[in-house]
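Hi,

Here is the structure I promised to pass along.

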Amino acid sequence: MAPQPVGGQKPFHVVSPVLESLPLSKAVGTKVFMKLENVQPSGSFKIRGIGHLCQEAARKGCRHFVCSSGGNAGLAAAYAAKKLGLPITVVVPGNSGPTPVRKLEELGATVEVYGKVWDDANRRAQELVKTEGWFSIHPFDHPLVWTQLPPPVPGITAGSPWEPSPVLVSPSPRDKGPTAGGTQLPPPWQDVPIVAAETGGAHSFHEALGAGRLVTLPDITSVAKCLGAKTVAARALECARECQVISQVVEDTEAVRALEQFLDDERMLVEPACGAPLAVLYSGRLRRLQSEGRLRTPLASVVVVVCGGSNIHAAQLRDLKSQLGME
């Protein structure tokens, strides 16, 4: 699906490539295709909805953007603000680390570090946005953001040579869960299973899905800080009820081991949140879901959404391994 102009402006995001991964295909025993959202201009899928919201806000006279973010949403907003020639203040939680702060400042953003987790930073952002002419770029909970986040399936169906298959995603509980955009899927893709993988300690979507209601985690303890909202957006749970979702929770060590293996296999370094769905492939969990009858056997193919790699670098990977006792 090609980006469509918004209000006469060209969208900031690009068409993400879909490539077959031979190493992942070998690990799973069937063809695996990667939807590479990590090659977006800001480093993640976030630029789709955030860019759209920023363009609309600028068109309506916004003079200053404010965004609360653990990293990816802030980078998307800062990228859009730079393109639009407008100032932006991004409030990040203390658990974000120095990498997103440095990247935000390189994009010209004013960065304020506040609180421990994203929920704290968001409260501070809501105070700042009371300034006249300032506009809140919420990282996930805004209809204009939702409408620009295509479900993983329609983004890969046009001209696809494969049959319907399970799609593996990091559910990004601060957005809309495993699907987005509210688009009606074309036949025969309505029944495609969505495997939503999170890390333990940031598994608010898994908890909400199991309880059938919003559940607030006591704290974010996972190294996958981009998944770090203690409570999922209500719309995430609604969307999860509209499709077949299989929730999986992996350990931090599994996610980090997967992203390291993915670096060796595909020469791309992605962040721990993205490592969660990769871990489902590398660890044998997908085969286990087949043996349990939750996924069909054989599988025609598998699609994994590689959601982002903006908040990771080689030194940080080494630190994560040391922190988790993997060295």
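This is a predicted model: local features need pLDDT of at least 70, side-chain atom pairs count only at pLDDT 80 or more; totals for chains, interfaces and linings use all residues.

Six strands make up an open sheet with mixed pairing, and their order is β1-β2-β10-β7-β8-β9. The edge positions belong to β1 (18-20) and β9 (245-250); each has a single partner strand, so one side of each is left without a neighbour in the sheet. From one strand to the next, the twist averages 25°.

Inside that order, β2 (residues 32-36) and β10 (residues 302-306) run parallel and are paired over five bridges. If you want a residue pair to click on, L36 has V306 as its bridge partner in β10. On the other end of the order, helix α8 (residues 204-211) lies across β8 (194-199) and β9, at about 135° to β9.

**Salt bridges**

The count comes to 11 salt bridges.

- K35 and E37 are joined by a salt bridge, with N to O at 2.5 Å. K35 is buried at 4% relative accessible area, and E37 is buried too, at 3%. Together with R48, K35 and E37 are linked in a network of salt bridges.
- E106 bridges to R102, with 3.2 Å between the closest N and O atoms. Both sit in helix α4 (residues 98-106), where being four residues apart separates E106 and R102 by about one helical turn. E106 is exposed, at 56% relative accessibility, while R102 is partly exposed, at 40%.
- E292 and R294 form a salt bridge in which the closest N and O atoms are 4.0 Å apart. E292 is partly exposed at 48%, as is R294 at 39%.

**Cysteines**

How many disulfides are there? The count comes to zero. For C54, the nearest cysteine sulfur belongs to C67 and is 7.6 Å away, and C54 is in no disulfide. C54 is buried, with a relative accessible area of 0%.

Best wishes

Technical notes:
Residues are numbered from 1 along each chain as its sequence is written. Side-chain values use heavy atoms; hydrogens and water are left out. A disulfide is a pair of cysteine sulfur atoms within 2.5 Å. Buried means under 20% relative accessible area, exposed over 50%, partly exposed in between (1.4 Å probe, protein chains only). Two strands pair if DSSP finds at least two bridges between them. Helices (H or I, at least four residues) and strands (E, at least two) are DSSP runs, numbered from the N terminus. Axes are lines fitted to C-alpha atoms, for helices over the stretch in contact, and angles run from 0 to 180 degrees between N-to-C directions. Contact means heavy atoms within 4.5 Å. A salt bridge is a side-chain nitrogen of Lys or Arg within 4 Å of a carboxyl oxygen of Asp or Glu.
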